[in-house]
Amino acid sequence: MIVTRRAWLVAMAIVLTAMSPAFAQQQFNWQQAKGSQLRVMLNKHPWQGAIEPHLKEFEALTGVKLVTEVYPEDQFRAKVLVELTSGASSIDVFMSMPAQEGLKYMRAGWLQPVDEFLKNPALTAPDYNWNDFLEKTRDAKDVFQKYNVKVPTTLEELEAAAKALNGKAMTDDGQPGYGIVARGKRAAATSTFAAYLHAMGSTWLGPNREPMFNNEDGVKALDLYGRLLRQYGPPGSENNHWYEASSIFSQGKAAMYTDSNALFPVIEDPQKSKVIGKVGYALFPRGPKGQYGSTVAVWGLAMPKTSQNQKAAWLFMQWATAKEQVLAVQSEKGVLGARDSVWKDAKGLSKVPADLRESLTVGSKVGTPLWNPPVVAVAECRDAIGAAIVVSIQGGDVRAADNKAAADVKRIMAETEKK
């Protein structure tokens, strides 16, 4: 979504599939795995930060001891992959993004399906309500008003706004800022580039599963992304992950920020942010033919087949993804959840600005789940595409870089998707 100063996030509707069961203790036995110990691996993420204060509640409710490990995203992904590959992992539950590693992990046979747990009334609380999950997951003021710039609704307007605002006074002490900030660090940048790609009218793969992000529209999208960050973004943008990009924006040094709305709590962090009350949220701009670019991504919880505590692991997964916990993290920390009932609850909306709510509502309806290439070797393909993004940011030959990335992705798919 776009975040404007009043800022923007690319309305990518990144919702967390993680919530907690209504506590019908009299009807459901939460103590059935009492005495168990669970090893839970978490990515350092706004949801992780919001759920951690509540973990003692799960332990008190169930008698299950939690041993949690938290790592920055790149380290987290690498550690989980190494352990699952070994076939002897002691992980019981871990955070997972289906569009990132889901296909690879399922094909490898590393994930424990939870269908049977869901169907078993002895293992699933009666009010867990699977159908409550959102379907696609099962005001620009301040700088913009000051300089009389319209909040962009198209990619053309996005570039015009970045150009108009770049170098204008933005910080509290009047220092100039950048027109826009976004991820530029190789593979990490593909997550936000996806919105530009789809809005421009292209996508990752064609109907025959051949790369098509290097078609004419794809090249235009890659050229635009690199040009925006090169001409109107911070120097060295190719080194910025979401950590760096969100920090630049929350310190008031950029007019616009395109990224996931899951970063809303980071941008509005009262302890660190300098733009609280000055940020507006908007749907990601549409492309030249009216195409939407919004993408829908999901963080969830997964159970490895190797877990020796599957009953306790499932109890934790449903506790952490039931309505009470989703409502708690959304109302307390503004971490956006994926339960419809929470979005209809006044308490659930208490920390969500109206414009963010609107952009997420629309984005979740018109967005695509293809924020990542739909392949087995997602990490390798992201890295290949990310290399082209870096070339574009640095002002290199965009078409050649896009074609090379497409050739690399085709080769990687041939090597990893053999029948």
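Author: Let us begin with Glu59, which is buried, since its relative accessible area is 16%; buried means under 20% relative accessible area, exposed means over 50%, and partly exposed lies in between, with a 1.4 Å probe and protein chains only. This is a predicted model, in which local features need pLDDT of at least 70 and side-chain atom pairs count only at pLDDT 80 or more, while totals for chains, interfaces and linings use all residues. Residues are numbered from 1 along each chain as its sequence is written, and side-chain values use heavy atoms, with hydrogens and water left out.

Glu59 sits in helix α2, which covers residues 55-62; helices (H or I, at least four residues) and strands (E, at least two) are DSSP runs, numbered from the N terminus. If its neighbours within four places in sequence are set aside, Glu59 is in contact with Val64, Lys65 and Leu66, where contact means heavy atoms within 4.5 Å.

Gln325 belongs to helix α13 (residues 323-333) and is buried, with a relative accessible area of 3%. From Gln325 to Tyr178 there are 147 residues in sequence and 38 Å in space, C-alpha to C-alpha. Asp259, in the loop between β7 (256-258) and α11 (264-267), counts as buried because its relative accessibility is 0%. Although Asp259 and Phe193 are 66 residues apart along the chain, their C-alpha atoms are separated by 9.2 Å.

Two further loop residues call for attention to the backbone. Asn129, found between α5 (115-119) and α6 (143-146), has a phi near 60 degrees, a positive value in a residue other than glycine, and it counts as partly exposed at 42% relative accessibility. Arg209, in the loop between α8 (186-199) and α9, likewise has a positive phi, near 60 degrees, and counts as partly exposed at 35% relative accessibility.

Helix α10 is followed by Gly252, whose phi is positive, near 80 degrees.

Finally, the whole protein has 17 helices and nine strands. Its radius of gyration is 21 Å, close to the 22 Å that the globule rule gives for 419 residues, so it is as compact as a globular protein of that length; the radius is taken over C-alpha atoms, and the rule is 2.2 Å times the number of residues to the power 0.38. Along the principal axes, the C-alpha atoms fill a box of roughly 60 × 50 × 30 Å, and buried residues make up 58% of the 419 residues, with Glu59, where we began, counted as buried.
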